[in-house]
Amino acid sequence: MGQVLEAASSFNPKGHFEDRDFMELHREALGGGDGELLYTATAEQELTLTEPLQQRAREYVQQRADLPLWGFKDPRTTLFLNDWRQLLPEARFVFVYRSPEFVVNSLRRRRDPPLFVRAANGNETFLWRRAADMWVSYNQRVLRFLAEHPQRCVLLCADSLATDFEPFLDAVRQSWQLPLHAIDTSDVFDPKLMRSHVPPVLRWKTRWRASVRQTLRQLEEAYRKYRCW
């Protein structure tokens, strides 16, 4: 999943497991750093890699061509799924969705500047609607891609990873004929890191946003429909 990975941080002490080549490529496609499009792109907005970035992507793919099995993880990939579908015609896609209130709270704790507004008196306001809409946009893209390419995708719920990991692994071995090996999930999975305290008001506001409720319901239905075990 990469030789040079994004380092651990206070928000992700076990590491991000993100290949820096692909992460930086996506960042450039979004305008550098964590550009505004990362937070504001709607599910309907078509984003694509420029030709120079597609060429760089092809070079990354070629550099890994001799590996029997390889992959990369980067949430920004969700914004460029059609590009990667064409760049990697044999690729398989594993999508993991997480409960919206935990994602929104994680974005709040991370304090990404595009999600905050500073008043003249210095007080900051968290743009929770933008954060919630960001969760909706990413997951609606996943749902659309999943429906269009079901044989190339699998959908996982982050809350069920620990209990579903073994059957998921068995199903992937059988369905995709991939020589994957089991690991002790406790080496990389800590439930306490997935369950940070969400302020009750933020939880309520996020869960009751109509677009969030609809998307979560669709994800849960897709999880039951497309799970391969």
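Asp 83 is a buried residue with no salt bridge, and the nearest side chain of opposite charge, that of Arg 58, is 8.2 Å away. Here buried means under 20% relative accessible area, exposed means over 50%, and partly exposed is anything in between, taken with a 1.4 Å probe and protein chains only. A salt bridge is a side-chain nitrogen of Lys or Arg within 4 Å of a carboxyl oxygen of Asp or Glu. For charge, Lys and Arg count as positive and Asp and Glu as negative, while His and the chain ends are not counted. The model is a predicted one, in which local features need pLDDT of at least 70 and side-chain atom pairs count only at pLDDT 80 or more, whereas totals for chains, interfaces and linings use all residues. Residues are numbered from 1 along each chain as its sequence is written, and side-chain values use heavy atoms, with hydrogens and water left out.

Asp 83 sits in helix α4; helices (H or I, at least four residues) and strands (E, at least two) are DSSP runs, numbered from the N terminus. What does the side chain of Asp 83 reach? It gets to the backbone nitrogen of Leu 49, at 2.8 Å. That is a polar contact, meaning a pair of N or O atoms within 3.5 Å; within protein, one must be able to donate a hydrogen and the other to accept it, and residues adjacent in sequence count only if both atoms are side-chain atoms. Setting aside neighbours within four places in sequence, Asp 83 is in contact (heavy atoms within 4.5 Å) with Leu 47, Thr 48, Leu 49 and Gln 54.

Next comes helix α1, residues 20-29, whose buried residues are Phe 22, Met 23, Leu 25, His 26 and Arg 27. The cover over these buried residues includes α3 and α4. Leu 53, in helix α3, is itself buried, at 8% relative accessibility. Leu 53 and His 26 are 27 residues apart in sequence, yet their C-alpha atoms are 8.7 Å apart in space.

Both ends of α1 have something to show. At its start, a side-chain oxygen of Asp 19 comes to within 2.9 Å of the backbone nitrogen of Asp 21. After the helix comes Gly 31, with a positive phi near 105 degrees.

Asp 19 and Asp 21 turn up again around Arg 64, which touches Asp 19, Asp 21, Phe 22 and Trp 70, residues up to four places away in sequence not being counted. Arg 64 lies in the loop between α3 (51-63) and α4 (81-87). Is Arg 64 buried or exposed? Arg 64 is buried, with a relative accessible area of 13%. Its side chain makes a polar contact with the side chain of Asp 21, at 3.0 Å.

Salt bridges come to 18 under the rule given above. One of them joins the side chains of Glu 18 and Lys 73, at 3.4 Å from N to O. Glu 18 lies in the segment before α1 and Lys 73 in the loop between α3 and α4, so this pair ties together parts that are 55 residues apart in sequence. Glu 18 is buried, with a relative accessible area of 7%, whereas Lys 73 counts as partly exposed at 33% relative accessibility.

Another salt bridge links the side chains of Arg 209 and Asp 133, at 3.0 Å from N to O. Arg 209 is in the loop between α9 (200-207) and α10 (210-226) and Asp 133 is in helix α6 (residues 128-148), so the pair ties together parts that are 76 residues apart in sequence. Arg 209 counts as partly exposed at 23% relative accessibility, and Asp 133 counts as partly exposed at 32%.

The side chains of Glu 124 and Arg 118 also meet in a salt bridge, at 3.0 Å from N to O. Glu 124 is partly exposed, with a relative accessible area of 34%, while Arg 118 is exposed, at 56%. Elsewhere, Glu 6, Arg 20, Glu 24 and Arg 27 are linked in a network of salt bridges.
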